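Student: I'd like to learn how to read a fold like this one. Could you take me through it feature by feature?

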Amino acid sequence: MASVLDTRSLNRATLARQLLLSRAALSAEEAVAHLLGLQAQNVKPPYFQLHARLAGFRPAALAELMESRKVVRMVTMRSTIHTHTAHDALTLRPLVQAARDREVNAFRKGLVGVDPERLGEVARAFVEAEPRTMGEIREELLGHWPDADPQSLSVAARCRLPLVQVTPRGVWGRSGQVRLTTLEQWIGGPAAGAAAPQGDVGDIDDVVLRYLGAFGPASVKDMQTWAGLTRLREAFERLRPRLDVFRDENGVELFDLPDAPRPDAGTPAPPRFLPEFDNLLLSHADRSRVIAPELKGRTWTGNQSHRTLLVDGFVAGLWHWEEASLTVELFGKVSKAEKEHIVVEGERVITEMAESGGPRRVRFGSIHG
């Protein structure tokens with residue numbers, strides 16, 4: 001019978017995989033690969049995600065990877081923007097193509113008379129001539145299909161092509177309009193001229209194993225939530241002989257890599273300031289391993305994710321940073337020692353992530369007041 005992992009055991013295992021029990025001595029590129037990408041709807045969160053996880057991280061390390069095209073910003077998992085290594089972008093984007101095709105299908109009423117293959121060819125030629133804004137892509141496509149719905153054309157182009165946001169968009173300390181070209185055009189094509197992966201069984205199995213390495217122990221539904229995909233049970237069953245199997249306190253079957261870290265539930269977990277949309281909070285169907293059920297909904301307003309504070313490994317509050325201070329809003333009481341640790345970590349965030357000099361002040365209060 002499978003062993004049961006309680007919530008704290010799951011928490012510590014997940015934090016270990018997420019490099020949040022102690023800062024790791026990895027390069028920024030190694031960390032982006034290990035984490036299977038960084039959620040990147042906004043420009044700065046990937047930088048803060050790495051700061052919370054890596055020893056000695058400075059924003060320039062990721063910015064240089066962006067500018068050298070070793071990492072890219074593109075729509076992948078859950079139809080959201082992620083920062084991926086170039087290798088993972090080539091591997092992961094084909095795996096979600098079926099989901100992107102279903103997304104286009106929801107807009108079929110606005111695409112009557114539009115040949116999807118031809119649309120892909122027109123859009124590819126247009127963005128590979130030079131990076132374009134989505135507005136420019138839409139206008140180009142309307143020139144070919146004037147009776148189509150403009151938004152539907154935009155969705156179809158975004159979903160059919162592996163489009164990346166070109167720099168300076170996404171580079172720390174710089175700004176730029178979102179301009180797009182194809183992944184292959186931006187990074188120069190697959191390594192050594194090889195064909196891009198097509199999402200075959202080997203690719204899927206490899207991603208399952210890597211997901212468990214970064215987010216496990218996890219259920220099939222957990223990975224489906226992370227990926228925005230369905231029908232992954234077959235891959236897990238194929239890999240079952242190579243995996244350890246547990247159950248959570250609700251009896252849900254959890255899979256894991258045999259040699260993956262599963263620290264003792266009493267292992268100390270230092271405070272960490274996480275940015276909005278951190279994948280730690282988005283990559284499981286059951287998020288109670290990091291967010292207590294009674295706090296469900298406190299980390300979002302509408303469709304906007306808030307910056308969160310981990311204390312003892314669990315979400316314990318929100319934070320907001322202005323020029324004068326970093327404000328922490330706690331959801332409940334913490335010990336005097338924990339409060340002191342929060343201040344030290346907050347001052348570290350300000351010192352190492354500030355774009356200009358200024359006071360290092362951490363205060364406690366309401367972030368909305």
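Tutor: Helices (H or I, at least four residues) and strands (E, at least two) are DSSP runs, numbered from the N terminus. This is a predicted model, in which local features need pLDDT of at least 70 and side-chain atom pairs count only at pLDDT 80 or more, while totals for chains, interfaces and linings use all residues. Residues are numbered from 1 along each chain as its sequence is written, and side-chain values use heavy atoms, with hydrogens and water left out.

Student: Okay, how many bridges join S12 to S13?

Tutor: There are 4 bridges, and the two strands run antiparallel.

Student: How many residues of S13 are buried?

Tutor: Buried means under 20% relative accessible area, exposed over 50%, and partly exposed in between (1.4 Å probe, protein chains only). In S13, 7 of the 8 residues are buried, so the strand is largely enclosed by the rest of the structure.

Student: How do I read a nonpolar core, and which residues have the most contacts inside the largest one?

Tutor: A nonpolar core is a set of buried Ala, Val, Leu, Ile, Met, Phe, Trp, Tyr and Cys residues joined through side-chain atoms within 4.5 Å. The largest here has 32 residues, and those with the most contacts inside it are Tyr 47, Leu 50, Leu 62, Phe 273 and Leu 326. Elements that each supply at least two residues of this core include helix H3 (45-51), helix H4 (59-67), strand S13 (314-321) and helix H14 (336-353). Apart from it lies another core, of 27 residues, among them Val 96, Leu 209, Tyr 211 and Ala 235.

Student: What is Phe 273 in contact with?

Tutor: Contact means heavy atoms within 4.5 Å. Leaving aside neighbours within four places in sequence, the partners of Phe 273 include Leu 309, Trp 319, Leu 326, Ile 342 and Val 349.

Student: Let's turn to helices. Why do residues three or four places apart point the same way?

Tutor: An α-helix has 3.6 residues a turn, so residues at that spacing point the same way. Take helix H8 (residues 134-144), whose buried residues are Ile 137, Leu 141 and Leu 142. They cover an arc of only 135° around the axis (taken from the directions from the helix axis to the C-beta atoms), which puts them on the same side of H8. Glu 139 and Gly 143 are exposed on the other side. What covers the buried residues includes helix H7 (116-129), helix H9 (150-160) and strand S6 (180-182).

Student: Where are the cis peptide bonds?

Tutor: One joins Thr 167 and Pro 168, with omega about 15°, and Pro 168 sits in the loop between strand S5 (163-165) and S6. Another joins Gly 216 and Pro 217, with omega about -5°. Pro 217 lies in the loop between helix H11 (201-215) and helix H12 (220-227).

Student: Is Asp 256 buried or exposed?

Tutor: Asp 256 is in strand S8 and counts as buried, at 0% relative accessibility. Leaving out residues up to four places away in sequence, Asp 256 touches several residues, including Arg 17, Gly 216, Pro 217 and Arg 262. A polar contact is a pair of N or O atoms within 3.5 Å; within protein, one must be able to donate a hydrogen and the other to accept it, and residues adjacent in sequence count only if both atoms are side-chain atoms. The side chains of Asp 256 and Arg 17 make such a contact, at 2.7 Å.

Student: Which sheet holds S8?

Tutor: S8 belongs to an open sheet of 3 strands in the order S1-S7-S8, with mixed pairing. The edge strands are S1 (3-4) and S8 (253-256), each pairing on one side only. S1 and strand S7 (residues 244-247) pair in the parallel sense over 2 bridges, and the bridge partner of Val 4 in S7 is Arg 247.

Terms used
Two strands pair if DSSP finds at least two bridges between them.
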